[in-house]
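Work through the following exercises with the sequence and the model side by side. Each task is followed by a solution that goes step by step.

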Amino acid sequence: MVDWVQDAVFYQIFPDRFCNGDVGNDPPGTRPWGEVPTRESTFGGDLLGIAEKLDYLESLGVTALYLTPIFKAPTNHKYDTEDYFQVDPAFGGNEALRELVTALHARGMRIVLDGVFNHCGERHPFFQDVLKKGRASPYWNWFTIWGDRVVREPEPNYACWAGVPTMPEWNHRNPKVREYLLSVVRHWIRECGIDGWRLDTVEYLPPDFVRGVYRVAKEERPDAYVLGEVMGMAASWFKHGALDGVMNYRLRDGIVAFFARGEWPAETFAHHLYAIRRSYPPDSNFTMYNLLGSHDVPRFLTLCGGDRRWLLLAAAFLFSYIGAPAIYYGDEVGLTGGEDPDCRRCFPWEEARWDRALLETFRRLARIRLVSPALRRGSFKLVAARDRLLSFLRVGEGEEVLVTLNAGDRAERISLPSPGLWQDLITEEGFRGGPVPLEPFGFRILRRAAGTA
Ligand SMILES: [Ca+2]
């Protein structure tokens, strides 16, 4: 188990949209910051911009960053890699990454990069060589091409990601391809000391190749975090021993159904949580990357119809549940957006546009997780799941924390499970004996320290 992930609060950044620290490296055609994004727009965000905002991130309680791809590629998302060994010049190049990692580590923060090993971009020199020389290219067998020459129109005759001709898939049956991709995994851990890899589209990769990535990452540093992008059930990846955690989209499905859409009663949500926990090894549950949103799905606040009460409840759940909570950049200040590319808007740095109450609650939730070992590492016990009310206990390391989320419009009363002094970690009120009042659409996170009577 990767110990540090249990204690982590992640923050996901889409680098083109977080902060523009150097207008000198902006690509041609860069759009004004904050304009509504199209699939093609670039906004000039870069790694220097991220480095400039480390105070902000640290004050939010973030301990680890996950960046979507940063290697040289023509698009704004950079999932079409041209050169795995160069950080895109528009993001500041290799030196900017080195400086960012150094600055993060100096603060005790971590960084996980996006490994896109299923496919590359058409500009990758090996694919270009195949286009130029056909079968005579030494890289012909690095791709899967059905025929004697590459055909792009009307349909590509080679394996490509989601049928997109600009993203040819690597042929992982070729040992040279594997060796090449594994050298990338090794290089950035060795060269820059990154703390882990998030593996793109893991479900489309051969399991033994993913195991190879895991092995190489751990050889370089035993505490490297290997995180997989898995949209559905991920149990087999843990059986393969190929991942430390997954982007927990299954968990998010339940959070959306219960909090954002109000489609599920608490019983259904509690059963969903149980089913997910039971389908993964106990230790792996603690190193899951638990998310409300990402660059691939609509923003949570948008799914809530803009009603921040649901986002607050969902965040309270996320920060008090088993697994590492992850904030998708901007969610904490009330950034909205529908399906991609709308969920990739620029971070609004004019503070007048921030939802202050939301930001303060995110800060507080991150802080209480940081000071409560039971929330990070404790066991989970369901206390109540009825109608729109969910209550559970986290117990461990000398404390008990009772989390109660009221997603309904009726005031509720919380019975305390044991005698002693219980403190509300958000409001700092103390309660001795119950019942404790709980507002409609409210939550309470109550802690009883061991030995208090
Ligand atoms: Ca820039």
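## Exercise 1: an enclosed helix

Helix α9 (residues 249-260) is largely enclosed by the rest of the structure, because 11 of its 12 residues are buried. The model is a predicted one, in which local features need pLDDT of at least 70 and side-chain atom pairs count only at pLDDT 80 or more, whereas totals for chains, interfaces and linings use all residues. Residues are numbered from 1 along each chain as its sequence is written, and side-chain values use heavy atoms, with hydrogens and water left out.

Task: state which residues of α9 are buried and which elements they pack against.

Step 1. Helices (H or I, at least four residues) and strands (E, at least two) are DSSP runs numbered from the N terminus.

Step 2. The buried residues of α9 are Tyr249, Arg250, Leu251, Arg252, Gly254, Ile255, Val256, Ala257, Phe258, Phe259 and Ala260.

Step 3. These buried residues pack against α10 (266-279), β9 (289-291), α12 (300-303), α13 and β13 (399-406), where contact means heavy atoms within 4.5 Å.

Step 4. After α9 comes Gly262, which has a positive phi, near 60°.

## Exercise 2: the calcium ion

Task: list the protein donors of the calcium ion, and describe the site that they form.

Step 1. Donors are N, O and S atoms within 2.8 Å of the metal (3.2 Å for Na, K and Ca), and sites may look incomplete because water is not among the atoms.

Step 2. The protein donors are Asn20 (OD1), Asp22 (O), Asn25 (OD1), Asp26 (OD), Gly44 (O) and Asp46 (OD), at 2.3 to 2.4 Å from the calcium ion.

Step 3. The angles among the six donor atoms run from 66 to 169°, and the site is irregular. Four donors count as tetrahedral if all angles lie between 85 and 135 degrees; four count as square planar and six as octahedral if opposite donors are over 155 degrees apart and all others between 65 and 115; anything else is irregular.

Step 4. Along the sequence, the donor residues follow the spacing N-x1-D-x2-N-D-x17-G-x1-D. Asp26 and Gly44 link distant parts of the chain, since both are in the loop between β1 (10-13) and α2 (47-52) and are 18 residues apart.

Step 5. Asp26 is partly exposed, with a relative accessible area of 23%, whereas Gly44 is buried at 1%.

## Exercise 3: rings and a charge

Task: describe how Trp310 and Phe441 are arranged, and find what sits over the ring of Phe441.

Step 1. Rings of Phe, Tyr and Trp (its six-membered ring) pair if their centres lie within 6.5 Å; planes under 30 degrees apart count as stacked, over 60 as edge-to-face and the rest as tilted. The structure holds 48 aromatic pairs.

Step 2. Trp310 and Phe441 form one of these pairs, edge-to-face, at 5.2 Å centre to centre and with 85° between the planes.

Step 3. The pair links distant parts of the chain, with Trp310 in helix α13 (residues 308-320) and Phe441, 131 residues apart from it, in the loop between β17 (436-438) and β18 (443-449). Trp310 counts as buried at 14% relative accessibility, while Phe441 is partly exposed at 22%.

Step 4. The charged end of Arg309 sits over the ring of Phe441, 4.2 Å from its centre; the criterion is that NZ of Lys or CZ of Arg is within 6 Å of the ring centre and within 35 degrees of the ring normal.

## Exercise 4: a buried strand residue

Task: say where Ile327 lies, and which residues it touches.

Step 1. Ile327 lies in strand β10 (residues 324-328) and counts as buried, at 2% relative accessibility.

Step 2. Not counting residues up to four places away in sequence, Ile327 touches Val9, Phe10, Tyr11, Gln12, Leu60, Phe319, Glu332 and Phe362.

Step 3. Among these, Gln12 lies in strand β1 and counts as buried, at 0% relative accessibility.

Step 4. Ile327 and Phe362 are 35 residues apart in sequence, and their C-alpha atoms are 9.1 Å apart in space.

Technical notes. Buried means under 20% relative accessible area, exposed over 50%, partly exposed in between (1.4 Å probe, protein chains only).
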